[in-house]
Amino acid sequence: MKKLKYSQGILDAFHYLLDHHKEFFVIGQGLWSPWYVGSTMKDLDKKYGKERVIDSPVSEIGVTGAAVGASIAGYKPLVVHPRVDFMLLAVDQIVNQAAKWRHMFGGKSSAPATFRAIINRGGEQGAQHSQSLHSWFAHIPGLKVVMPYSPKDARDLLISSVLADDPVVFMDDRWLYDEEESVENDFELIDLRQVKPNILKEGNQITLVGIGHSSKIIMDAIGSLENISAEVIDLRLLNPIDYSVIIDSVNKTGRLIVVDGDWSSCGIASEIISSVCEEINPKSFKSKPVKITLTDAPAPTSKPLEDIYYINPKTVTNKILDSINEKID
Amino acid sequence: MQNDIFEKLGNNLFKQLDFKDFDSKELRKMLFKMLLIRKAEEKISDNVENGVIKCPCHLAIGQEAIPTAISELVEKNDKIFGAHRSHGHYLSLNLDTFSLFAEVLGKVDGCSSGFGGSMHTIDIKNNFYGSVPIVGATIPIATGAALANKFDKNGSIAVSYFGDGACEEGVLHESLNLASIMKLPIVYVCENNLFFSHLRIDLRQPDLFTSRYAKAHKVESLVIDGNNLLELTKTLKYIISKIRKDPKPFFIEAITYRWKGHVGHRDDNDVGVKRSEDLKFWKSKYPIKRLTEGMIKNKLISENEILEIKNEINHKVDSDWQKALESKFPTDNLLIEKVYS
């Protein structure tokens, strides 16, 4: 066993992939820079060479399209977008091309590229430097969306994403980079098709579902609720979702709160709640399902507004208490 | 418009075909390809008109020479990408009218198993890696395939087909820049047919020549008569053999003209912009007409032999069409099964 930091987990995954898979390469902005992608890709270019670790022009759609093309030609590229916001310039290649490439050619080809998008927010960065938009991407058939919360998942699911035969949007969150976890030394090689939501903590009074960083918010929120038996589920894979784990849990607890660090409207929190409601007996709910999300507004820059914009663990704690105390007539 | 084009393209663009370096067998093979593409597109056009084909079909009648020339130069591991007007690109590589017909009919024997229609054709075995209708979308994809070729170090190249309309997309600029700085082995083939959909190039761009974008990125380029099969073949042979040895991008701008409207069977001659007069001129520069007349004049083929080739093609096209009509539709389960691996 060893202690693994989230950011180190990502770096370890890159070392593993570059060591073991000669068809793997990475391309994107800032890869030869010490500060662009934090410590998650430190010195990869020095060890593996600038031909496989390619710093690129400021051309999101061109570079993403090139990765899509290389994946169609048999390589396993990963494109780095240091901020989700800028990846939007490449959406045609991700949504129109890679996601549909297998289906629209009747399974005769595929574009298994990985699009790594880093969620990088807070710090008064504002509307165009703070987005996550994972629900947007999870809306698209053909695209897989992976959002690791734990350091082990950051490491192992990055490898799974790259080795998958489907295009994957892999989103890691800078707010999680310093999280630590005890893990086995060895990588666990997981087929992305087998990935289900992960039960972080078992309980029988309330089901709490998180996605990426919001799973950490939930874990922080329940720290002060020793008397409540909460079951915490980390979603991990946003598309396609295996709902059975969540449905089983809600059947047991009768209560559901989804915490999602993105907007509410047409978001993944609504999707999870509706999918659960469709599958279980309404009478088994002991309280109304709740979603806790960002306010439906662009990210502000002003500090006091930022403080109310992002989800506070205290809000989650209070909603858990409300849900436990709620009586449905 | 016609006179303007002459002034700007220069009177030297349209030359007599020069048969010096070609033998009769090679010429007949290329003639067969062009005639097959033409006949297949006529078959599709007729069946769009009578309602049997429902999917949008963008026909390239008039532009047969460019893919025919390129297809003759393809080697194992080359990767070719098309766009919305790609029946000719596809057929030039495999002559497989059956799989194209089945595809436009949405049948399971189609090249994309009936999931693509006219706008999504593929035949990887014969170097055709896919065509898609989002304008300019395959330009960076082909650029990435060229990056794969560069990694493979086996002298293979990528080819990206697109039109003058796609040159108005920013992604062309990003791709040319990337290919130039990374020295990627790719031929960008701009089939400049002077129209985007209904709108003529002089109403959209300040200059007729799209190759100016290549110059801006230090990518070598050439403007060529896209209706002169022999000049295309000779020139591309030289360019492609150079790129195989010394990887770098090349931009070829082939000036041509499509006879039909943007989509479907109609001529749409005077929709948006009047072009009836222009079309008359371009029909006189039709690549198949120029090749057959030249071959007859140079005694490389007889009228009778041309008729025999046409009969063979008519028979193939009719029987492949009939077979495609009899092919089955994809089963319902495939709708979801083909989404993920």
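A:G28 has A:V80 as its bridge partner in β4(A). Strands here are DSSP E runs of at least two residues, helices are H or I runs of at least four, and both are numbered from the N terminus. Keep in mind that this is a predicted model: local features need pLDDT of at least 70, side-chain atom pairs count only at pLDDT 80 or more, and totals for chains, interfaces and linings use all residues. Residue numbers start from 1 along each chain as its sequence is written, while chains are lettered from A and ligands numbered from 1 in the order in which they are written.

**The seven-stranded sheet of chain A**

- That bridge sits between β2 (24-28) and β4 (76-81) of chain A, which run parallel and are joined by 5 bridges; two strands count as paired if DSSP finds at least two bridges between them.
- The whole sheet is open and mixed, with 7 strands in the order β3-β2-β4-β5-β7-β6-β12.
- At its edges you'll find β3 (53-55) and β12 (237-239) of chain A, each pairing on one side only.
- Neighbouring strands are turned by 20° against each other on average, direction ignored.

**The five-stranded sheet of chain A**

- Another open sheet with mixed pairing runs β9-β11-β10-β13-β14.
- β9 (198-201) and β14 (290-292) of chain A each have a single partner strand, so one side of each lacks a neighbour in the sheet.
- From one strand to the next, the twist averages 25°.
- β10 (206-210) and β11 (230-234) of chain A pair in the parallel sense over 5 bridges, and A:T207 is partnered by A:E231 of β11(A).
- Helix α9 (244-253) of chain A lies across β9, β10, β11 and β13 (256-259), at about 150° to β10(A). Angles run from 0 to 180 degrees between N-to-C directions, with axes fitted to C-alpha atoms, for helices over the stretch in contact.

**A helix pair in chain B**

- α2 (24-49) and α11 (287-297) of chain B pack at about 145°, with axes 10 Å apart.
- Among the residues making the contact are B:L31 and B:R38 of α2(B), plus B:I288 and B:M295 of α11(B); contact means C-beta atoms, placed from the backbone, within 7 Å.

**Where the chains meet**

- Chain B puts 33 residues into the contact and chain A 32 residues.
- On chain B's side, β2 (128-131), α6 (138-152) and α7 (170-182) each supply at least two residues.
- The largest share of that side, 9 residues, comes from α6(B).

Methods: Contact = placed C-beta atoms within 7 Å.
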